[in-house]
Amino acid sequence: MDQQAITAAYRRYAPVYDILFGPVFEPGRRRLVQALNCRPGEEVLEVGVGTGLSLRHYPRYARVTGIDLSPHMLARASLQVQRHDLRNVALMAMDVQRLSFPDASFDKVSALYVASVVPDPAVMMQELERVCRPGGEVVVVNHFTRSNGFASHIERSLAPLARSLGFRPLFPLDAFIGLTHLELTETTPVNAFGYWTLLRFRSRA
Ligand SMILES: C[S@@+](CC[C@H](N)C(=O)[O-])C[C@H]1O[C@@H](n2cnc3c(N)ncnc32)[C@H](O)[C@@H]1O
């Protein structure tokens with residue numbers, strides 16, 4: 001995966017993303033916002049915000065900053081913000097691997113279905129840890145590879161198509177968890193068949 005392949009893939013996805021990936025990923029979005037348990041005035045960063053399908057789930061008393069690499073996905077997210085009058089939300093074009101925010105800027109950080117898309121998930125996790133305040137939380141929802149079964153067979157056959165698909169079909173959980181110094185406090189299956197996983201991490205104080 002590289003930046004050019006990602007922006008090309010998500011330029012293609014943007015007009016149809018909500019139809020293809022709206023309802024199917026929705027339980028994970030709701031579960032993640034629930035897990036964040038935002039309190040009044042908290043600053044939340046959502047990386048890879050895409051077309052902004054999660055934004056209306058955040059309580060209005062939390063201040064949410066959504067960033068994404070793809071201008072086409074962000075344009076759709078702006079429409080969500082307008083449609084739902086989300087005055088607590090700010091959107092910015094930014095690479096999660098080079099966040100322009102100072103250290104410890106956010107109380108909570110969320111990453112929905114983006115970890116297996118970014119070129120370097122280790123750098124992404126370093127950046128999430130850096131901008132999260134000590135004692136704050138980082139919550140990730142993603143699909144992780146199965147070691148066997150029919151799904152694993154499909155994932156392996158799709159692996160060579162990662163650049164055009166816009167995500168890595170092969171993305172093992174243990175390797176991902178090993179990329180970060182954050183403390184893992186929860187692992188919960190989400191979405192249909194529990195095929196995706198919610199990971200909650202605490203930033204060490
Ligand atoms: C599968 S979509 C997920 C969108 C949304 N979070 C959702 O719940 O449907 C992945 C998103 O990550 C974005 N993305 C990929 N690489 C990125 C990067 N390096 N920095 C910021 N956003 C990135 C893509 O542009 C795309 O909008």
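Reply: Let's start with C38, whose sulfur lies 12 Å from the closest cysteine sulfur, the one in C132, and that is too far for a bond. Please keep in mind that this is a predicted model. A disulfide needs two cysteine sulfur atoms within 2.5 Å, so the count of disulfides here is zero. As background, a disulfide is a covalent bond between the sulfur atoms of two cysteines.

Where do these two side chains sit, then? C38 has a relative accessibility of 6%, so C38 counts as buried. C132 is buried too, with a relative accessible area of 2%.

Now for the backbone. D85 is not a glycine, yet D85 has a positive phi of about 55°. You can find D85 in the loop that runs between α3 (71-83) and β3 (89-93). With a relative accessible area of 38%, D85 is partly exposed.

N191 is another spot to look at: N191 has a positive phi of about 65°, although N191 is not a glycine. N191 belongs to the loop between β6 (183-190) and β7 (196-202). There, the relative accessible area of N191 is 12%, so N191 is buried, whereas D85 is partly exposed.

Methods
Residues are numbered from 1 along each chain as its sequence is written. This is a predicted model: local features need pLDDT of at least 70, side-chain atom pairs count only at pLDDT 80 or more; totals for chains, interfaces and linings use all residues. Side-chain values use heavy atoms; hydrogens and water are left out. Buried means under 20% relative accessible area, exposed over 50%, partly exposed in between (1.4 Å probe, protein chains only). Helices (H or I, at least four residues) and strands (E, at least two) are DSSP runs, numbered from the N terminus.
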